[in-house]
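User: I want to learn how to read pockets in a protein model. Can you take me through this one?

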Amino acid sequence: MDFSVGKSIKRLDNLLNSNLNVMLKQWDLTRSQFFILTYLMDNPEKNISQKDIELAFQLKNPTVTGMVKLMEEKGFIERKVNPADKRSNLLLLTEKGRSLKPFILKFIRSVDEQILKGFSDEEKIELENFLGRIIENVSGNRDYWER
């Protein structure tokens, strides 16, 4: 069999990242910072801590701390002491961070449209189901990967 799911997913990931990096240059953002911003935008009613970011993206504390520090320096987010737990910080979008939302939403929609061009509604539903199953298969069996 010449087809490899992993290689195809990696190729797609590389293409998407390359296009994303071109778009993000205008705001001096990295891909990881972009995903943190979108996570905060998608959860405006929640108190998001650095720990939440670590868990959501499966990142280590020092990595998240570094990204948050840079995003704060660039003016996209601010850290505020968590009133429920003074040992942790909540992450809040600044006005500058919130101002990117319409551009980010438009970009995400246009990427999805480009990716799914020529797919029927039924095929889109099938793809969503297939990707969900692949994610479940990969994330649900840690023992397999640790052999």
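User: How much space lies in the largest pocket?

Analyst: Start with the general idea. Rolling a probe the size of a water molecule over the atoms shows where empty space is left. Now the case here. This is a predicted model, and its largest pocket holds about 1,700 Å³ of space.

User: Which residues lie nearest the centre of the largest pocket?

Analyst: They are Leu-12, Asp-13, Leu-16, Leu-131 and Ile-135.

User: How does the lining of the largest pocket split by class?

Analyst: Count 25 nonpolar residues, eight polar and four charged.

User: What about the second largest pocket: how much space lies there?

Analyst: About 190 Å³. The lining has 13 residues, and the closest to the centre are Leu-40, Asn-43, Pro-44, Leu-92 and Leu-93.

User: Which elements give two or more residues to the lining of the second largest pocket?

Analyst: Helix H2 and strand E2 (85-93) do. E2 provides the largest share, four residues. H2 also supplies at least two residues to the lining of the largest pocket.

Note on methods: Residues are numbered from 1 along each chain as its sequence is written. This is a predicted model: local features need pLDDT of at least 70, side-chain atom pairs count only at pLDDT 80 or more; totals for chains, interfaces and linings use all residues. Side-chain values use heavy atoms; hydrogens and water are left out. On a 1 Å grid over the protein atoms alone, a cavity is a set of points where a 1.4 Å probe fits but cannot get out, and a pocket is an open set with protein on both sides within 12 Å along at least five of seven lines; lining residues have an atom within 4 Å of a point. Grid points are joined across faces, edges and corners, and a volume is the space filled by probe spheres set on the points. Ala, Val, Leu, Ile, Met, Phe, Trp, Tyr, Cys and Pro count as nonpolar, Asp, Glu, Lys and Arg as charged, and the others, Gly among them, as polar.
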